[in-house]
Amino acid sequence: MQWYVGLMVLAVIVGTVLDMIHKGSAKYFFANARKTRARGKPVNKAAIAARTLAVDVLASGEFCNPRRRVAHLLAMYGFILYLVTTALMVYCYPTAATTTPSIVPQLWWLGALMVMVGGYWFWFFIRVDVAAEGQSPLRLMRADLFVLSLLASVTLGVLWAGLQASGSSASRVFFGLYLLATTVLFVGVYWSKFAHMFFKPAAAFDKRIAEADGTNMNLPLQTRDDPAQRERHSMELLRDAPMDMGLGIKRDAPRHY
């Protein structure tokens, strides 16, 4: 299995690099940084990096919807536990000659179950095109490749582990299906949103830098001092109101289908 895990790591690296080349995201990121940073005021990048790590990465602070945030955190930390414990069992305890500490498989089960709870909760109850747009949860698009292959990999892994523990001969079939789903997950990086796990922290850090050094000031003004913002409301009373007024639509989830 060690060679297989190595191949999957290589597939993630190659897929991420190809995705960066295809989208030009890294090229744009560095070009924009060179263009804007020279105009900005000095900032404490270490403090901003620490805040980005604590808020945007570890706590998924970008999510306004609390249910979506909890589901994302469950899936994210579960996936990390699942990957780390899988690598430990494959590389440190590959045979029966080296006894695996009981805490390692226990954490593997915990990580897998966290992924399944967060992932299926998101898929059936939180996904925008299902929860708000009334689409069927069985409607599939290529953009769903990441979450579906992740759920398939983890679910089949759990089924395989359960069957193997019970001594069932069907465990071999599920082991093959588990490898197939896992291969799709890691080899499909170029076609899925897997690489967003690496891009999002960099984008969040860049956004915080732009806010701190003032280089985001070229963005459209969101203030009533802007004539365009005053005129965009048909209601006279909102033309001089604070910017956070007039958002009553957000008080009610869009479930009127």
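**Notebook: salt bridges and core**

I looked up charged pairs and found that the side chains of Arg208 and Asp56 meet in a salt bridge, 2.6 Å from N to O. I took a salt bridge to be a side-chain nitrogen of Lys or Arg within 4 Å of a carboxyl oxygen of Asp or Glu. The pair links distant parts of the chain, 152 residues apart: Arg208 is in helix H9 (residues 196-213) and Asp56 in helix H3 (residues 45-57). Helices are DSSP runs (H or I, at least four residues), numbered from the N terminus.

I noted that this is a predicted model, in which local features need pLDDT of at least 70 and side-chain atom pairs count only at pLDDT 80 or more, while totals for chains, interfaces and linings use all residues. Residues are numbered from 1 along each chain as its sequence is written, and side-chain values use heavy atoms, with hydrogens and water left out.

By this rule I count two salt bridges. The other entry is Arg127 with Asp144, whose closest N and O atoms are 3.9 Å apart. Arg127 counts as buried at 5% relative accessibility, and Asp144 counts as buried at 10%. Buried means under 20% relative accessible area (1.4 Å probe, protein chains only).

I then turned to the largest nonpolar core, which has 23 residues; Phe79 and Phe186 are among those that touch the most other members. Such a core is a set of buried Ala, Val, Leu, Ile, Met, Phe, Trp, Tyr and Cys residues joined through side-chain atoms within 4.5 Å. H7 gives the largest share of this core, seven residues.

Key. Buried < 20%, exposed > 50% of the residue type's maximum accessible area, 1.4 Å probe, protein only. Helix = DSSP H or I, 4+ residues; strand = E, 2+ residues; numbered from the N terminus.
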